[in-house]
Amino acid sequence: MEMEMEMEMDMDTDMMENAPSAISPLLLRSLASSAFIFADKSFFNLAEKFKPLEILRYLLITSFLFFLRLLSFLFAPDLPPKYQPQFSTFSPLKGNDRYAVTSGVDDSGIARALSQVLSIVNDIPVSSRKYAIVRSLAERLIEENRREDAHGLREVNRAVLCSAFSRTLCYLEAAMVELGRDRVGSGPAPLQYLVKRVLRAVGSVGDGVWGRNGNGNGNGNGNGREDVNHRSGNSAEKLAAELLWLAEKMVTCGFGEEAVERWASASNLASLSLLAEPRLQGSLVKVSAFLFKQAREMELSAAEETGEGNEASQRQTKMKMLMSWLPLLCRASNGTDSPVLGISGRVELEKVLEETVETLEHEEQEHVLSLWLHHFAYCPSADWPNLHAAYSRWCTDSRRLLIHH
């Protein structure tokens, strides 16, 4: 069962001082979601043996879904704008405006062409013989724009790639919600109708939060979300692979920070990923691993150039990224049977995570390491990432701070 669990816990110092009352519901929501996931696994085994329990399980899940959505609805307005839940920033375009570039750069033929090609890549299934052709065309257009080394073409690449990345995030989130609804639909016939009604109610509350934060189409009728949900080529696993491909293109063109920021803000998607299929989780782990490494490399490069590698904005992005995606790294299939990353890749990412945590403020480290320990301990198959060394160093620093004070 897919559960849209909000995990917006941007814990930088400013938020801790200015919005302490808002953090408690967010932390409570994250911990409650994790506990419910853990309990549901045992309940699922019993439901397989006793059919009446299956009905009770579906009712509990849908009630919990509604509870989480309601919390988002009630508490989102109390957060400062920069800490409110970050939903996908792409809003589907209609009619002749479908391939318009709305990012602020001058509209041009090459921008519209690249936007159209990337949109088609999203639309058509990977099984189509035209998919490889269209994707190759997109790569050629992006590379030719990059080689020209002209400011205008650089901005075209930036605007169109960022828009495509946000759009794909939006489509992937919608596809994962649909997968959850389809699974609910496979329940007993009398229950199926009731559960779908509840899920539609849950979705309407979520759409209200979506619209209130200035995202989506804003027309109140859900057409934008419906347009996203019913694209024939949008299998979740395909979209996840396209996110990795787009992230790689953005890094190649010098826009890696844009991809990192968008991935860090995709907390809704990160929540849904916790109960995704193992193959889809593996694809999302690859995206996270790539962008965690890129974020660290960019931070080191900035430190070498300016001597400042730990600015508040960078810490805010790192906190969002760690709080959103660290649970997935702990819970995804990383065992020896079907490893998502190779041994060297896991060791490298573990080192990157430790270094990233150590660049945070002491209180921020506590939030991240507490979240890591919770998911690492409660997932029986989790043996990675092992941040025990970072946790021990934090404990040592905490003792010193207590002694000095």
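Colleague: Why is Q281 called buried?
Modeller: Its relative accessibility is 5%. The cut-off for buried is under 20%. Q281 falls under that cut-off, so Q281 counts as buried. Bear in mind that this is a predicted model.

Colleague: Where is Q281 found?
Modeller: In helix α12, residues 278-306.

Colleague: How many residues apart along the chain are Q281 and L328, and what separates their C-alpha atoms?
Modeller: They are 47 residues apart along the chain. Their C-alpha atoms are separated by 7.6 Å.

Colleague: What makes H367 count as buried?
Modeller: Again, set the value against the cut-off. H367 has 17% relative accessibility. Buried means under 20%, so H367 qualifies. H367 is found in helix α15. H367 and M319 are 48 residues apart in sequence, yet 9.0 Å apart in space, C-alpha to C-alpha.

Colleague: And V347, buried or exposed?
Modeller: Exposed, at 53% relative accessibility. N386 is 39 residues from V347 along the chain, and the C-alpha atoms of the pair are separated by 9.5 Å.

Colleague: How many helices and strands are there in the protein?
Modeller: There are 16 helices and zero strands. Of the 405 residues, 51% count as buried. Take contacts between residues at least 6 apart in sequence: 80% of them join residues at least 24 apart.

Colleague: Why is α15 called oblique to α16?
Modeller: Helix α15 (residues 362-378) and helix α16 (residues 388-404) pack at an angle of about 140°. That makes them oblique. Roughly antiparallel needs an angle over 145 degrees, and roughly perpendicular covers 65 to 115. The axes are 10 Å apart, and the crossing is left-handed.

Colleague: Which residues make the contact of α15 with α16?
Modeller: From α15: H362, Q365, E366, L369, W372 and L373. From α16: H388, A390, Y391, W394, D397, S398 and L401. By class, that contact has seven nonpolar, four polar and two charged residues.

Colleague: What is the peptide bond from W384 to P385, cis or trans?
Modeller: Cis, with omega near -5°. P385 lies in the loop between α15 and α16.

Colleague: Why are α4 and α9 called roughly antiparallel?
Modeller: Helix α4 (residues 109-123) and α9 pack at an angle of about 150°. Roughly antiparallel requires over 145 degrees, so the pair passes. Their axes are 10 Å apart.

Colleague: Which residues in α4 meet which in α9?
Modeller: L118, V121, N122 and D123 in α4 meet K238, L239, E242, W245 and L246 in α9. The residues of this contact divide into five nonpolar, one polar and three charged.

Colleague: At what angle do α9 and α10 pack, and how far apart are their axes?
Modeller: Helix α9 (residues 236-252) and helix α10 (residues 256-264) pack at about 145°. Their axes are 7 Å apart. L243, A247, M250 and V251 of α9 meet G256, E258, A259 and W263 of α10. The contact has six nonpolar, one polar and one charged residues.

Colleague: How do you know that the sulfur of C379 is too far for a bond from the closest cysteine sulfur?
Modeller: That closest sulfur is in C330, 7.8 Å away. A disulfide needs sulfur atoms within 2.5 Å, so a bond is ruled out. The structure holds zero disulfides.

Colleague: What makes C379 buried?
Modeller: A relative accessible area of 5%. That is under 20%, so C379 is buried. C253 is judged by its own value: 8% relative accessibility, and it counts as buried.

Colleague: What is the phi of D149?
Modeller: It is positive, about 55°, although D149 is not a glycine. D149 is found in the loop between α5 (129-148) and α6 (151-185).

Colleague: Why is D149 called exposed?
Modeller: Its relative accessible area is 70%. Exposed means over 50%, so D149 is exposed.

Terms used: Residues are numbered from 1 along each chain as its sequence is written. This is a predicted model: local features need pLDDT of at least 70, side-chain atom pairs count only at pLDDT 80 or more; totals for chains, interfaces and linings use all residues. Side-chain values use heavy atoms; hydrogens and water are left out. Axes are lines fitted to C-alpha atoms, for helices over the stretch in contact, and angles run from 0 to 180 degrees between N-to-C directions. Helices (H or I, at least four residues) and strands (E, at least two) are DSSP runs, numbered from the N terminus. Angles under 35 degrees count as roughly parallel, over 145 as roughly antiparallel, 65 to 115 as roughly perpendicular and the rest as oblique. A crossing is left-handed if the near helix is turned anticlockwise from the far one by less than a right angle, and right-handed if clockwise. Contact means heavy atoms within 4.5 Å. Ala, Val, Leu, Ile, Met, Phe, Trp, Tyr, Cys and Pro count as nonpolar, Asp, Glu, Lys and Arg as charged, and the others, Gly among them, as polar. Buried means under 20% relative accessible area, exposed over 50%, partly exposed in between (1.4 Å probe, protein chains only).
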